[in-house]
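I opened a new structure today and kept notes as I went. Here is what I looked up, roughly in the order I did it.

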Amino acid sequence: TELSLRDTWRTGAIPKWIANMTRLVLLDLGGNALEGTLSDQMFAEILQLHFLLLDNNRLEGTVPNVFVRLPHLRILTVEGNNFTALGMNSSAFCANLPHLGKTGSIFSADCGFSMADSLNITRKET
């Protein structure tokens, strides 16, 4: 199942009902004006998620730990937001997601990445 609400002028928080869409493979909420923080509970039951696109919104706070526990996640984009930290330290994040490559992120040098205000992660196929 796919849900794309890209560039639909959505405002406010990410709707709580998203967490009930447990069969989602693609969730694209990019290019809106969504605000607030992300929580582990918001994505914890969406275990089939392959693509999560949250780029270019007004989200802030910490990128939650839940992303390392989503077994099929291949692409995670959250650049263009105001994230300030990862939910776990970057070396733990990299250790739990060994097949990820990215450019421009809030990761420290622990993963060989530079510090910046954006995050764009792509899990490499093995």
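**Confidence first**

The mean pLDDT of this protein is 75, and 67% of its residues reach 70 or more; pLDDT is the predictor's confidence in each residue, from 0 to 100. Over residues 98–126 the pLDDT is below 50, and beyond near neighbours in sequence I found that this stretch has 77 contacts in the model. A contact means heavy atoms within 4.5 Å.

Ground rules for myself: this is a predicted model, where local features need pLDDT of at least 70 and side-chain atom pairs count only at pLDDT 80 or more, while totals for chains, interfaces and linings use all residues. Residues are numbered from 1 along each chain as its sequence is written, and side-chain values use heavy atoms, with hydrogens and water left out.

**The overall layout**

I looked up two helices and 10 strands. Both kinds are DSSP runs numbered from the N terminus: helices are H or I with at least four residues, strands are E with at least two. Starting at the N terminus, the order is β-β-β-β-α-β-β-β-β-α-β-β.

Next I checked which strands pair, which takes at least two bridges found by DSSP between them. Strand β2 (residues 11–12) runs parallel to β4 (residues 33–36), with two bridges joining them; G12 has L34 as its bridge partner in β4. β4 also pairs with β6 in the parallel sense, over two bridges, and there G36 stands opposite L59.

**The inside**

Of the 126 residues, 42% are buried. Buried means under 20% relative accessible area, exposed means over 50%, and partly exposed is in between (1.4 Å probe, protein chains only).

The largest nonpolar core has 24 residues, and I14, L27, L38, F43, L52, L54 and F67 have the most contacts inside it. Such a core is a set of buried Ala, Val, Leu, Ile, Met, Phe, Trp, Tyr and Cys residues joined through side-chain atoms within 4.5 Å. The elements giving two or more residues to this core are α1 (40–43) and β6 (58–63). I clicked on L27: not counting residues up to four places away in sequence, L27 touches L3, I18, F43, L49, F51, L52 and L53.

Is D28 buried or exposed? D28 counts as buried because its relative accessibility is 7%. D28 lies in strand β3 (residues 26–28), and its side chain makes a polar contact with the side chain of R6 at 2.9 Å. A polar contact is a pair of N or O atoms within 3.5 Å; within protein, one must be able to donate a hydrogen and the other to accept it, and residues adjacent in sequence count only if both atoms are side-chain atoms.

D55 is in the loop between β5 (51–53) and β6. D55 has 6% relative accessibility, so I logged it as buried. Leaving aside neighbours within four places in sequence, the contacts of D55 include R6, G30 and T77.

Most residues other than glycine have a negative phi. D7 has a positive one, near 55 degrees, and W9 has one of about 65 degrees. D7 sits in the loop between β1 (2–4) and β2, and W9 is in the loop between β1 and β2 too. I noted D7 as partly exposed at 49% relative accessibility and W9 as exposed at 79%.
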